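Mentor: Please raise your questions one at a time.

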Amino acid sequence: MKLYKKDFPFYSKVFTLALPIALQSFITVGVNMIDNVMVGKLGDNALSAVSQANSFISIYQILCMGLGMGASVLVSRYWGILQVEKDNKDASKALKQTISLMIRLTLLLAAVFAIATFFFPDKIMASYSNEEPIINFGIQYLSYSIVTYFFVGTSMTTTIALRSVGQVRMPLYISIGAFFINILANYSFIFGNLGAPKLGVAGAALGTLVARVFEFSIICGYLFIVDKRIGFKLRHLFMNVSSLISEYVRICVPVLISDGILALGNNSVAQVIGHLGGAFVAATAITNSTQQLSTVVIQGISQAGAIVTGQTLGMKDKDKTMEQGYLFLGLGLALGTLSAVFIMCMSGVIIGAFDVTPEAAHIATRIMISLCIITVFQATNSIMTKGVLRGGGDTKMLMLADNVFLWVFALPLGILAGYYFKLSPFFIYLALKSDQIIKTVWCYFRLKSGKWIKKISTGDNSSAEKD
């Protein structure tokens, strides 16, 4: 198998799916970066507090991504079946059942996080920092974020479902609208402009809520009223899903568990960083935004990989799926290298845009160098784990691999580097992200084995393709 070949239809399909997703991710990351720049004007403590509060909120978002991407494995496979057998009622019904289950679980998850945030904001922030100003700012931010869970989670999972059937432009257009609304709301509420009250850190959270309500209203309205491909209506939220529960659990729950434990692991990384001081936290907030900005195309390719793999398997072409898997691996290596070059060239400009202390700026410079190395590996394994292997239904093995590499290698190495050996920021960050290197090697051998291609049924019968 080759990492590159002249296959215009393949690359055309991948980038047709990936570029709108990447642009949407770019907009989201751009909003986050602008938020950080605005909040950074309030000082290191405010920037650190928002970064740490968002570390907790990101647990919910990652779990929603797990729900959405787990459902995407099924949705894209059923959509692939419908391209070959347009009158397959079992596949059509299973597609709607999958989306119904996904939305129900998203709302349930939102309720859990809203309750936790309402009753325990002080304990949540205390787990990330022992500095009182940071904790107090974080509590302000979280208090305005409670309702946001319901809107952002439903929008996120609905967007993933639409992408799985090729609807990638509408979510992009909605994100563009949310982008401008978010910036305007933050400008107004953080600094008290345009007649709005000056809320500081809380204004950043309120601005995000306003944008998420807009996004939710349009994207869910589109799914329930306008979209014709899936044919999902509001009444389908209450449809009987019992025939699909076992298949949904088999495929989606490992994704949810994997992403959930991974989110906890990433938060443990954030907690390790949080106790290294406010300057280190502020520096990491800058580098995280930079990494997200430099890898938006990779995120798009990852989701396109899951969709293309699922649809190809739905059309019962295993050999083509294997061939495409190697092409995705080649894309990961190439795009990861380009992202590393981007970070290297732009790091000085990006750090200079933030109003942080000289200490935080120095730490950010050191971490950026480490980030250049990690990005090559992270890009490659992200396209494979969140894309190709997940699209093949290999969710149980991914659940194991993701978390073993993080909890057994990266976290212990990071703790040793930061607390015991007290190494420089370069080595601390490299240690905390070492799982990305190990995972990339594992992905190659897993792809080569072919064991990642799994059978999926429609629930009412098992007419889907076999291994």
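Trainee: Is C372 buried or exposed, and what is its relative accessible area?

Mentor: C372 is buried. Here buried means under 20% relative accessible area, exposed means over 50% and partly exposed lies in between, with a 1.4 Å probe and protein chains only. For C372 the relative accessible area is 11%.

Trainee: What kind of model is this?

Mentor: Residues are numbered from 1 along each chain as its sequence is written, and side-chain values use heavy atoms, with hydrogens and water left out. Local features need pLDDT of at least 70, side-chain atom pairs count only at pLDDT 80 or more, and totals for chains, interfaces and linings use all residues; this is a predicted model.

Trainee: How many disulfides does the count come to?

Mentor: A disulfide is taken as a pair of cysteine sulfur atoms within 2.5 Å. By this rule the count is 0.

Trainee: For C372, how far away is the nearest cysteine sulfur?

Mentor: C372 takes part in no disulfide. The nearest cysteine sulfur belongs to C345, at a distance of 8.7 Å.

Trainee: Which cysteine has the sulfur nearest to that of C64?

Mentor: C64 is buried, its relative accessible area being 0%. C64 is likewise in no disulfide. The nearest cysteine sulfur is 12 Å away and is that of C220.

Trainee: At what angle do helix α1 and helix α11 pack?

Mentor: Helices (H or I, at least four residues) and strands (E, at least two) are DSSP runs numbered from the N terminus. Two packed helices are described by the angle between their axes and the distance between the axes. The axes are lines fitted to C-alpha atoms, for helices over the stretch in contact, and angles run from 0 to 180 degrees between N-to-C directions. The axes of α1 (residues 8-40) and α11 (residues 296-314) are 7 Å apart, and the packing angle is about 135°.

Trainee: How is α1 oriented to α11?

Mentor: Angles under 35 degrees count as roughly parallel, over 145 as roughly antiparallel, 65 to 115 as roughly perpendicular, and the rest as oblique. With a packing angle of about 135°, α1 is therefore to α11 oblique.

Trainee: How many nonpolar residues are in the contact of α1 with α11?

Mentor: Contact means heavy atoms within 4.5 Å, and among the residues that meet are F10, F15 and F26 in α1 and I301, I307 and V308 in α11. Ala, Val, Leu, Ile, Met, Phe, Trp, Tyr, Cys and Pro count as nonpolar, Asp, Glu, Lys and Arg as charged, and the others, Gly among them, as polar. The contact holds 1 charged residue and 5 polar ones, and its nonpolar residues number 15.

Trainee: What is the handedness of the crossing of α10 and α12?

Mentor: The axes of α10 (residues 278-294) and α12 (residues 318-352) come within 10 Å and cross at roughly 140°. The two helices are therefore oblique to each other. A crossing is left-handed if the near helix is turned anticlockwise from the far one by less than a right angle, and right-handed if clockwise. The crossing of α10 and α12 is right-handed.

Trainee: How many charged residues does the contact of α10 with α12 have?

Mentor: On the α10 side are I286, T290, L293 and S294, which meet S339, F342, I343, I350 and I351 in α12. By class this contact has 6 nonpolar residues and 3 polar ones, while the charged residues number none.

Trainee: How far apart are the C-alpha atoms of L67 and L105?

Mentor: L67 has its place in helix α2 (residues 44-84) and is buried, at 4% relative accessible area. Residues that L67 touches include M102, L105 and Y248. Along the chain L67 and L105 are 38 residues apart, yet their C-alpha atoms are separated by 7.8 Å.

Trainee: Where is L194 found?

Mentor: L194 is exposed, with a relative accessible area of 64%. Its phi is near 55°, a positive value in a residue other than glycine. L194 is found in the loop between α7 (169-191) and α8.

Trainee: Which residues does T208 touch, not counting residues up to four places away in sequence?

Mentor: T208 lies in helix α8 (residues 201-226) and is buried, with a relative accessible area of 14%. Leaving out residues up to four places away in sequence, T208 touches D35, Y141, T148, N182 and N186.
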